[in-house]
Every structure is written in structure tokens, then in C-alpha cells.
Amino acid sequence: FISFCYIGYLLIQNVFREIKRREQIEKISKDLEKAYKELKKIDESKSEFISIASHQLRTPLTAIKGYISMIHDRTYGIPPEKMEKPLRHIYISAERLIKLVSEILNISRIEAGKVRAELEISSLEYIINSVITELKSLVKEKDLYLEFKKGKEPLPKISIDKEKMRQVILNIIDNAIRYTKEGGITVRCKKKENTYQVKVSDTGEGMTKREISDLFKSFSRGKAGKKGWVEGAGLGLYIAKKYVDMHKGKIWAKSQGKGKGSSFYIELPIQ
């Protein structure tokens, strides 16, 4: 009887301990849920602030760029010769700032869930050609080649968000140009089983495995870019990945190592 009572006492103790433990777990769970809601609210406020600040910054920057362009085009008369170079530098700096502000604004809108892919039937080859045309002057300045190696037959059109996919390809090719000092960039586009694949290869600085693993994170840049291209913020590839994700596609990079160039791949499902 004493043994039975003792065992009963132990069981009751265990039950009380279990009840107490469950109460503690429930309290912790409620505290975590409350903290999550507060963090979510703070994150939304941050995104909203960045969005408003970006809008407010872009307007005066666009005005500055416009007035500098008009002065350079002699709308207000012929400026002194010694002002030509400073005006050019101001114009380029304004362009950089506008691009940076636009990228930050895009990120805040993406993270707030305000950006959606608006699909339409379009040609990837046409988008690539338009990007190459836009970047010709940049390639010429650096004395590089930029070529698009097409297949024997034109690729069928695909259902994509034309503007977002153009931004993806522009960001990748522009990134390749910035990180390449000699040689150039080659773009290929082909149809696989159920996907289209775009490959952008360069003869640039190359990357380590660590750099590749951090490549598509926000504000992430390779060491070569930090030394040779100081104005980059490390947002272009992050935005590119977000846009590719919206298309239910994949984006990744490969490199044999430092000094051996890099290749970027985009795969989009054929819908």
C-alpha cells in the first residue's frame, strides 16, 4: 500500500510538472507570436519609410540631372569652357544616385509584396538585343566585346513580364561589363526540355565559392568590385533574383576561380 501511494505521488508530481511545462511553452509561444507581430510591424514601417524617402529623393535628383543636361546642351547659353568637365561629372553622379534610389525603391516594394509579374507573350531574343544596344557605349569605353550568339533557328516567344526580365538581363550584363577589364562578354540563349536558358559569360575577375554563395544577397559585392568599381551598391543581382523568382525560374552563377571569368545562368519555365 505504501509503495502504491508512493508511485501515485510520483505520478501526480509528474502530471503537475507536465502541466507547468505546457503552461510555460504556451506562454513562450504567445510571447514569440507577439514579438513576431511587432517585428513585422516594424519591418513594414521600415519598408514604407524607405519607399517614401526614395520617392522624395528621386524627384529632386531627376530635376538636377535635367537642368545639368540643359546647361550642357547650351539651353541657357554657352557655359565657360572650364565648366564642361565639372558639369559632366555632376551629370554622371546624378545618374548614379538616381539608379541607386530606384534600386532601393524597387527592393522596398518587392519586400512589401507590392510587385507582381505581369505576364505577356514576348521574345527573349528581342529583349537581349535591346539590352546589348543600350550597353554598347559602355562596352566601347572599356574596349571590350559584347556579342549575342544565337541558335540557327529563332526561339519561340515565351510568357514573361517583359520589363522585369529586361531588367534582369540588363543587371547581369552590366555587372559582367563592370567586372571585366579585358576580353568581353558572350550571351547565349537556348531552349531546353521545358525551359529557356540564358547564359552570360565573361572573361572578367572570376569569383571564389564564398563570393558565389553570397552573390544574390542584398548589398553583397565581390572583392574585385569593391576595388575596381566603387559606385556599385550590390543590389542589381538581388533584384534580378527576386524578379526571376516571380517567374518561377532559377538564377545561379559559376566560376572556375579568381582570374578565370564567370558565367551567369537564367532558366525560365515555358508556360
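In helix α5, the buried residues are Lys164, Met165, Val168, Ile169, Leu170, Asn171, Ile172, Ile173, Asp174, Asn175, Ala176 and Ile177, where buried means under 20% relative accessible area, exposed over 50% and partly exposed in between, with a 1.4 Å probe and protein chains only. The model is predicted: local features need pLDDT of at least 70 and side-chain atom pairs count only at pLDDT 80 or more, whereas totals for chains, interfaces and linings use all residues. Residues are numbered from 1 along each chain as its sequence is written, and side-chain values use heavy atoms, with hydrogens and water left out.

Because twelve of its 17 residues are buried, α5 is largely enclosed by the rest of the structure. The helix comprises residues 162–178 and reaches 24 Å from its first C-alpha to its last, close to the 24 Å expected at 1.5 Å a residue; the expected span is 1.5 Å times one less than the number of residues. Helices (H or I, at least four residues) and strands (E, at least two) are DSSP runs numbered from the N terminus.

Five strands form an open sheet of mixed pairing in the order β2-β4-β5-β7-β6, two strands being paired if DSSP finds at least two bridges between them. Strands β2 and β6 stand at the edges with a single partner strand each, so one side of each is left without a neighbour in the sheet. The twist averages 15° from one strand to the next. Strands β2 (residues 145–149) and β4 (residues 184–191) run parallel and are joined by five bridges; Leu146 stands opposite Ile185, and Glu147 stands opposite Thr186. Strand β4 pairs with β5 (residues 195–202) in the antiparallel sense over seven bridges, and a hairpin joins the two through three residues. The bridge partner of Ile185 in β5 is Asp202.

Helix α5 lies across β2, β4, β5, β6 and β7, running at about 170° to β7, whereas α8 lies across β6 and β7, at about 140° to β6. Angles run from 0 to 180 degrees between N-to-C directions, and axes are lines fitted to C-alpha atoms, for helices over the stretch in contact. The cover of the buried residues of α8 includes α2, α5, β6 and β7.

The axes of α2 (residues 84–111) and α8 (residues 236–246) come within 10 Å and cross at roughly 35°. Contact (heavy atoms within 4.5 Å) involves Glu103, Asn106, Ile107, Ile110 and Glu111 of α2 with Gly236, Tyr238, Ile239, Lys242, Tyr243 and Met246 of α8.
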